[in-house]
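Subject: Structure handover

Hello,

Here is the structure we talked about. Please load it before you read the notes.

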Amino acid sequence: MDIHLRNITMKFQDVYAVQNINTTIKSGQLVSLLGPSGCGKSTTLMLLSGLYKPTSGDIYFGDKNVTNMEAEDRKIGMVFQSYALYPHLSVLKNIMFPLRMEKVPKKEAKERAQAMTKLMHIEHLQDRKPGQLSGGQQQRVAIARALVKEPKLLLLDEPLSNLDARLRLEMREEIRRIQQEIGITAVFVTHDQEEALSISDHVLLMKDGVIQQHSKPQSMYRYPCNRFAAKFLGNPPINLIETKHGQTQEKLHLHTYNQTKQILAAEQRDVTIGLRPEDLYVSSKENHLISGQVIHMETIGRDTMIRVQLQEETVRALIHPDATIQVGQTCYLGIKEENIHYFNTETGIRLTSHEGGSGNGS
Amino acid sequence: MDLNPTKKSTLKGYLYLLPALLILITFNIYPIIKSFVMSLYTDFDFFTGEVFAYGFGNFVEIFQDPNFRIAIVNTVIFVIGVVPLSIVLSLIISLFLNSKIKFRGAFRTIYFLPYVTSVVAISIVWSWIFHYDYGLLNYFLSWFGIDPIAWLRDPQYAMPALIIVSVWKGLGFNIMIMLAGLQTIDEQYYLAAKVDGASAWHRFKSVTLPLLSPTLFFVSIISIINGFKVFDEIFALFDGRPGPGNSALTVVYYIYQKFYEEWQFGLASAAAFVLFIIIFLFTIIQLVLGKKFVHYN
């Protein structure tokens, strides 16, 4: 069942939480709604669930217009950020609850709920109350409850944000496993880019209620369609260097960078170039793009990160740990030309179009 | 911090308890013990405080007194009439006040007013409402072609009148407590229940009721105890009489009569002790039932 959002707008008093969204979520895919807090991703999820009704626009589940259908009737499963397990019911009864509402016979409901506990590896917890479970276990119960009625669509609202780092990693793989095992369409809200990039088939990046980019995780990372997308994805964040049109590029050493030279010359406006820290490497005085004094250096696990002073700004680079560089030295950094991103400084929009996602495509 | 009690810390603790304890002992604990002892005085001189004989005679006497039996029956009828009605009404009103409506704050204040208004003032207003000739209630009933009722003078209607006033008076407190209870229920449970396909009725039955159960339990215990202790509403509503033909004679009113009107301190104490036992038993029963049905987080 494909899900279509057509011109969806949601207004709270005078504030637009979601503005004129058009997108399609393909059947069987896991799609992440990604963005900073207040970007409208949770509102979009609530609109899909039917707990919110859009101010205007239509939502289709397959061919069916469900815009005005109540949440009770949409036959969806939802996992809440706080899990919202009924505290007075045992794990098994929590999972049986949606089936009881559908008037499934008690015996069958119990069997289906027990099958769910098996899938989620929580058979041994059936008789416990939610208060006696750890965060990860509660999470599993919440997913089991969402899936037990075999919904067409599973919605997850920041499901991992209440877990500690290690458990988060485990649960996100678990969510991916379950989703693929039963082949359900799932929408996953998160503000964590790593979560979104690691488990989704598609990422829908939002800002201020507007979709910025909808594409496969990798192409979103490699070809961000605007400066916001470039900045939001990647850790440490991308380096953005503004250049002024028609002036000599003091910050950049374009000696061997012919393509860059051409692009900057061809554009009749200011251009911002983006350099991902991991794409930069230590180069020679002849072939470098940028150079400056190393003002900071740290090694975290396998990565060595340096900060280089480039006039009034600093540039971060992840370099090979073996590189013999010390704080205070002048460092020459190079990058492959195809890894340089160009954005219109004024609008933030990407200049060179590559294959992969764009605004509302793919 | 040292968690084991030392002599010094214990002494310090007791010192903090002392002021409240002194007042409680003087005005609650001592009278309870004293009244139990007094209930066993069968022959004594209350001027000198000299007691000549102890025994269970007082208990035998009150159980043979038809008025005491009337008082017990009336009290039970009163409790059965007031408590369930009051709880159901307060629950409905508090659900309504907890929903998103206009002038919510104003409504909350209005419903709380009866609780903070003096019983005497309330009774004067209700005496007028219940008035045979000019009363608002009879006027209202006349719209439906019902003949005027002598609410406060007819023994048959005195108890219903008393129940109506008491339910109305108790609403404010119950609603306030229940509203507080309702507000502790996380909105997410309702959203989850909606997504799980629960209708409004099922959301009420499966989320609101169980999560409100500790509050309902508290309110019902307090209401039952208060119900058994009813006195001032009667005194004010029926002008210092226990209703026409003892129709609103309750146990506390009976104790009052024996103590202040007949100066039968022994009998009054025995009746008070019987009331204590009744309330105690009811509370025990409720606690046992509560363990089974009440959910605590």
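Conventions first. This is a predicted model, in which local features need pLDDT of at least 70, side-chain atom pairs count only at pLDDT 80 or more, and totals for chains, interfaces and linings use all residues. Residues are numbered from 1 along each chain as its sequence is written, while chains are lettered from A and ligands numbered from 1 in the order in which they are written.

The sheet. Chain A has an open sheet of 5 strands, in the order β13-β17-β14-β15-β16, with antiparallel pairing. Strands are DSSP runs (E, at least two residues; helices are H or I, at least four), numbered from the N terminus. Two strands pair if DSSP finds at least two bridges between them. β13 (281–282) and β16 (313–319) of chain A are at the edges; each has a single partner strand, so one side of each lacks a neighbour in the sheet. β15 (303–310) of chain A pairs with β16(A) in the antiparallel sense over 7 bridges. A:M305 has A:L318 in β16(A) as its bridge partner.

The interface. 17 residues of chain A contact 16 residues of chain B (C-beta atoms, placed from the backbone, within 7 Å). On the chain A side, β6 (76–79) and α2 (91–101) give two or more residues each. α2(A) provides the largest share, 3 residues.

The domains. Chain B splits into domain 1 (1–29) and domain 2 (66–293), with bounds from an automatic or database domain assignment. Their C-alpha centres lie 36 Å apart.

Best wishes

Methods: Two residues are in contact if their C-beta atoms, placed from the backbone, lie within 7 Å.
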